[in-house]
Structure formats: structure tokens, C-alpha cells
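Subject: Structure handover

Hello,

Here is the structure for your files. My notes on helix packing and the ligand site follow below.

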Amino acid sequence: MRHASILSTWARNVAPSPTLAVDAKAKALAAAGKDVCGFGAGEPDFDTPEFIKEACIKALRDGKTKYAPAAGVPQLRELLAAKYQQENGINGVQSAQVVVSPGGKFSCYLAILSMISPGDEVIIPAPYWVSYPEMVKLAGGVAKVIFAGQELDFKITPDQLRAAITEKTRLVILNSPSNPTGAVYTRQEIEALVAVVMASENVYLMSDEIYEYLLYDGMTHYSPASFSSEVAERVITVSGFAKTFSMTGWRLGTLVAPPVIAKAVAALQSQTTSNATTFAQYGAIAALEQPQAARAAVAEMLQVFNRRRQLLLKGLRSISGIECARAQGAFYLFPKIESFGLDANAFADRLLDAEQVAVVPGGGFGAEGYVRLSYATSDSVIERGLQRLERFCKSLG
Ligand code: PLP
């Protein structure tokens, strides 16, 4: 504690990531020889597709080992502009509106930092991805959380959003498909929320679409910025390569924004990290230049994820006392465990100690009474984990 006074407001206020903490504890138990069933991971358990790795290796051999322009390698920015026009339907995107960052997390942070001044309010639907409120705090902003539980399929309503907007609101965050719930908003639902945003002057929308390809049950992804050019002027679309192409360790995030915001984001990046790793960007170029190979890799992964989703969902629903919504995106399920009379932290701690099953407690996602399970793990872990979870729940009575 002797040096605590040297810590800044930002360092004192920021909470460490609870998802990484669970992961660390589970890994420590595994290292000590315990047979852990881990449902904590926020990353696909597949390797990066070979053709993407090869392109990066070639880039290294070709000497792409120097600084790149802060906003990204021009060829990658151009390919991304084309992807957002053709695939996501956002009209007229120019490469100047695209910024490539070291990870989607940093893209989100810079988007927030570029628009939020101390005291500004940011509306965050809960359950939320753990980092949004912390990023808002780091910008000096105020996070205003609106909650949509299982009874609302974890999706906020236009009335809730309207009621939360004040004169100080600058930004609304939308994340579909969602981490931690796997919820996916329909086009109609997004349109209704966008209408509320558009009715309030000076309010912008950050649409985090990092799980855009990870959809099941015939769901379709919609980018709000594709609705009209007026809407596009108020939307910052954030995504990345991590979840789609199993590239979490590559650290490559993307952002598409109105030119003024994109320019500010690039300036912030130029003074903090400079560019995303140069040769890694060449792997991303291959992913976009070979859409057929990329699509095939994603389709293969999706098939496996879908099978595991159904296995885990069926198993969770068969355990007395657990309620679980049918998530239609990402690779998470978010069951309600309230009926056991333990808070989510105690539930997760005791489950890990008693049965060596790692789940993430809902508190860090703004949702007490729930836990998050990732099915980015093997069928065998899912089957064994479910048996242990059932035994644990029975022991709680
Ligand atoms: N957005 C959401 C909702 C996420 O779940 C994550 C990662 O867990 C990210 C953004 C950032 O991903 P990355 O920084 O690995 O690209």
C-alpha cells in the first residue's frame, strides 16, 4: 500500500478483467495437475487458417518488418472499405474512414476516447462485454447501464433506450451478436433502436460487430450503418479478425467511422501504439483477398460451434434449477443460476473448487444471478463438465 498514492485516478478506478482472472485460476489448477473443465475461454479453440498464416510468414520473409502508416497498411484499408460496402451494405465507405488497430478492444477504446469527454454519458446495455464500462471510465465518461435479462432475451427495448438518454448522452453501445449472452438483434429491433438514436441530436452509436459471422438458426447480421447515409454519419462500426478467423493472438481490430472520427482515432493511435503489427496485417489481407477460402474456414468452425451449442444448451436445460436462453450467436451461453441462492461469484468459486469446472460469474458483465459458459472447447469437455455441473447443482439442493 506504501506507493498507492502514486496511482492515478484511472489506475485506481479501472477493474481488472474478470474473464482473464477466471482463465488464470483455471490454468493454475490445470498446471497443478487437476483435470479442469474450462468454459471460461473467450477465444475459438481452432488454429488460424493455414493460408492466412502463410501470407504472414511470406510478409516477414519479404521484409514487411518496419513501421506501417498509423491507420493501417493502405491495401488492407482498401480491402476493408470494399468489404464493408459489398458485404455489410454500407454505401460509399472510403479507405480514409477505416482504421486498423492492435485488436478490436483497442478499436473500441479509441472510438470511445475520440468522442467522450469527462462527464459525457455512454449508454451500455447489460449484460455487457466487461471492457465497455471500464473504457468509458478511462475516458472520464459516465457509464449508464440499462439491463435486459433473460425475460427480454437479453435485448434492450426502444423505450428503455429513450428513457436513458439525457442531454449529456454522447454514445450508445450495441453489441450484436453479444458477448456474454449470444443474443442477436433482428433487423427490426436494430432499426427501432437506431430510430431512437437518430431522434436525439449529437448521440452516436458504436456498433461492435466482432462476432458478425458467428450466427446460428438462420440468423442474419445487420450493420446499422447500412440503413442509410444519415445513419452511417452517426455510427462507428467496430470489428476485428480475432473471433472470425481464430486470430486472437494476432491483435487486429477494425473500425469504420465518419471521416472526422476516423481521423481522430488514427491520430490517437499514432500517439499511443503507432500501427498494428505490420506483418500481421498481411495475414488479414489474405483473409480478405481470398474470400472463398476464408468463408470455408468460417463455415467449418460454425458447424462445430453449432453442434457444441446444442449439446451444451440441452445439457444445461436438463439440470434442475438452471434456466438457459437459446443464444443464436457468438460462442457463449448465459444461464440463470439465481434459484440456487448463491451469488454468481460464490457459485463460480465453489463450482471450480468442488468440481474443477471454470465458468465466468455474471457480475463482471453487469448481470448478477447468471454465469457465462463458452463452448469454444471440445465435446468431451462439454460432456464431462455438464455431468460435474449437474452433481454440483444437486449438492446445492
Ligand atoms: N468486442 C467484444 C464484444 C469482445 O467479446 C471482444 C473480445 O473478447 C472484443 C471486442 C475484442 O476482441 P480483440 O481485441 O481480441 O480483437
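In helix 3, Phe-51, Ile-52, Ala-55, Cys-56, Ala-59 and Leu-60 meet Phe-279, Ala-280, Tyr-282, Gly-283, Ala-286 and Ala-287 of helix 11. Contact here means heavy atoms within 4.5 Å. By class, this contact holds eleven nonpolar residues, one polar and no charged. (Ala, Val, Leu, Ile, Met, Phe, Trp, Tyr, Cys and Pro count as nonpolar; Asp, Glu, Lys and Arg as charged; the others, Gly among them, as polar.)

Some ground rules. The model is predicted: local features need pLDDT of at least 70 and side-chain atom pairs count only at pLDDT 80 or more, while totals for chains, interfaces and linings use all residues. Numbering runs from 1 along each chain as its sequence is written, and side-chain values use heavy atoms, with hydrogens and water left out. Helices are DSSP runs (H or I, at least four residues), numbered from the N terminus.

Back to that first pair. Helix 3 spans residues 50–61 and helix 11 spans 278–289; they pack at about 140 degrees, axes 7 Å apart. Axes are lines fitted to C-alpha atoms over the stretch in contact, and angles run from 0 to 180 degrees between N-to-C directions. The crossing is right-handed (the near helix is turned clockwise from the far one; left-handed is anticlockwise, by less than a right angle).

Helix 11 also packs against helix 4 (residues 74–86), at about 35 degrees with axes 9 Å apart. This crossing is left-handed. Helix 4 brings Gln-75, Leu-76, Leu-79, Leu-80 and Lys-83; helix 11 brings Gln-281, Tyr-282, Ala-284, Ile-285, Leu-288 and Glu-289.

Helix 13 (residues 344–355) and helix 14 (residues 379–396) pack at about 115 degrees, axes 10 Å apart. Helix 13 passes helix 14 in a right-handed crossing. Their contact has seven nonpolar, no polar and four charged residues.

Now the ligand. There are 13 residues around it, of which Gly-104, Asn-179, Asp-208, Lys-243 and Arg-251 come nearest (near means a heavy atom within 4 Å). Lys-105 has a polar backbone atom 2.8 Å from a ligand oxygen. Tyr-211 has a side-chain N or O atom 2.8 Å from a ligand oxygen. (A polar contact is a pair of N or O atoms within 3.5 Å.)

Best wishes

Notes:
Helix = DSSP H or I, 4+ residues; strand = E, 2+ residues; numbered from the N terminus. Polar contact = N/O pair within 3.5 Å; in protein donor to acceptor, adjacent residues only side chain to side chain.
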